[in-house]
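Here's a quick tour for anyone opening this one up for the first time. Take a look at it below, and then we'll go through a few spots together.

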Amino acid sequence: MKSDLVLVTGAGGFIGGHLVADLRRQGYRFIRAVDIKPFEDWCQIFSGAENLSLDLNLRENCLRAARGARQVYNLAANMGGMGFIENNKALCMLSVLINTHMLQAALECGVERYFYSSSACVYNAEKQKRPDCPGLKEEDAYPAMAEDGYGWEKLFSERMCRHFREDFGLQTRVARFHNVYGPFGTWDGGREKAPAAICRKVIEAKASGRLEIEIWGTGERTRSFMYVDDCITGIGKIMPSAILEPVNLGSNELVTINQLVSIVEEIAGVRLKRIYNPSAPQGVTGRNSDNTLLRRHLNWEPGIPLREGLAKTYAWIYDEFAKRQRLGAPLIALGSRSRCDTQSLWPAAPASGSGP
Ligand code: NAD
Ligand code: GDC
């Protein structure tokens, strides 16, 4: 097994980088790491791996990437937090090219096992209308009413994995990740998700002395957030498993966004005035992971407490922020979108604000 060639796509991204690190720790000697980004923009890069910068929207590049591989982890996608996916639906849907061409290439190259990273965004919006709604079970994806754009692409790609398995015998495994956070995740530029965004905003407030924070929405929406180490452990367990249908991979520690902010404030040792922006992207009202199926198959589920994961994430973002300050970059303004290429704008918070 350890001498198999393993392909990780999206390896220059957040989870892909952690996955390559983990495969190396496990003793895999031949790892091919592929991402569209130039190497200097990869979140993590390992000299022991075969690193390739390729656009996997193109079939010939997928064939190049899959040649000789026995296992494929397809993590490449054009994605981000609510600020990105709500404003870039067409770009998100175009990721269908990546999974389509990767599946075809995997089949053509005789790949034995194929992992696809789906998302909790596949779930029916009707099941996520209350902050206290029950954890989402796998069956709640149907009848389909996924997150517009990004979620529909994930749902379609999941089904394509299923039909490649049923019709062509390619051993596909699919996990639905619920909001993943941790060191090396995007923390500014417009693609960041709530945990990293809140850490960054708290750090900015402390650094600038302007002791206030903009929170998108009312702060009452609920989510569960999974620390990246749990995500990597889960991928490692699901890939060799007999779980043929898409399965949740998420934490079930449900918090409101206000509670998330309070935890980060506590870690930072600060209390901020909260300014709520109802015009910003908000997504579904409540979302949690039901881990019954995962537990039944694996006798395991993500368990790293949010407080513990956030402390590590905050420390990492703090260091990155400080590094940037030392390099002379200007203090990032609240709501900065410095590195985002494709994002449209939304109205700013009203100057008066509200909240405690
Ligand atoms: P990420 O954006 O950090 O990583 C994705 C990587 O894919 C990026 O580095 C990007 O450059 C690369 N990519 C995009 N288009 C490409 C192309 N055409 N060819 C080659 N590479 C391309 O995101 P992540 O958080 O590491 O997510 C990894 C996977 O997990 C994605 O499929 C994502 O949709 C899924 N997922 C993530 C979360 C989360 O909370 N992070 C939740 C649900 C699902
Ligand atoms: O972006 P996200 O983490 O994505 O947002 C969670 C909630 O936090 C939203 O209601 C959002 O309005 C609120 N929020 C408050 N302030 C902020 O400053 C902020 N930045 C951000 N980003 N959010 C803030 C995600 C998708 C992913 C992925 C996962 C799967 O949706 O964006 O691509 O697939 O879901 O679980 P979220 O959880 O809605």
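Which residue has a polar backbone atom 2.6 Å from an oxygen atom of ligand 2? It's Gln282. Keep in mind that this is a predicted model.

## Around ligand 2

Ligand 2 is surrounded by 26 residues, and the closest include Gly80, Ser119 and Pro281, along with Gln282 and Lys201.

Lys201 uses its side chain here: one of its polar atoms sits 2.6 Å from an oxygen atom of ligand 2.

## Helix 7 meets helix 11

Helix 7 covers residues 194–208 and helix 11 covers residues 306–326; their axes come within 9 Å and cross at roughly 55°. The two helices are therefore oblique to each other, and their crossing is right-handed.

On the helix 7 side, the contact includes Pro195, Cys199, Val202 and Ile203, while helix 11 brings in Leu310, Tyr314, Ile317, Tyr318 and Phe321. Sorted by class, this contact has eleven nonpolar residues, three charged ones and no polar ones.

## Helix 1 meets helix 8

Now for helix 1 (residues 14–26) and helix 8 (residues 228–238), which pack at about 60° with their axes 10 Å apart. That angle makes helix 1 oblique to helix 8, and the crossing is right-handed.

Phe14, Ile15, His18, Leu19 and Asp22 of helix 1 touch Val228, Cys231, Ile232 and Ile235 of helix 8. By class, that's seven nonpolar residues, one polar and one charged.

Terms used. Residues are numbered from 1 along each chain as its sequence is written. Chains are lettered from A and ligands numbered from 1 in the order in which they are written. This is a predicted model: local features need pLDDT of at least 70, side-chain atom pairs count only at pLDDT 80 or more; totals for chains, interfaces and linings use all residues. Side-chain values use heavy atoms; hydrogens and water are left out. Axes are lines fitted to C-alpha atoms, for helices over the stretch in contact, and angles run from 0 to 180 degrees between N-to-C directions. Helices (H or I, at least four residues) and strands (E, at least two) are DSSP runs, numbered from the N terminus. Angles under 35 degrees count as roughly parallel, over 145 as roughly antiparallel, 65 to 115 as roughly perpendicular and the rest as oblique. A crossing is left-handed if the near helix is turned anticlockwise from the far one by less than a right angle, and right-handed if clockwise. Contact means heavy atoms within 4.5 Å. Ala, Val, Leu, Ile, Met, Phe, Trp, Tyr, Cys and Pro count as nonpolar, Asp, Glu, Lys and Arg as charged, and the others, Gly among them, as polar. A residue is near a molecule or strand if one of its heavy atoms lies within 4 Å of it. A polar contact is a pair of N or O atoms within 3.5 Å; within protein, one must be able to donate a hydrogen and the other to accept it, and residues adjacent in sequence count only if both atoms are side-chain atoms.
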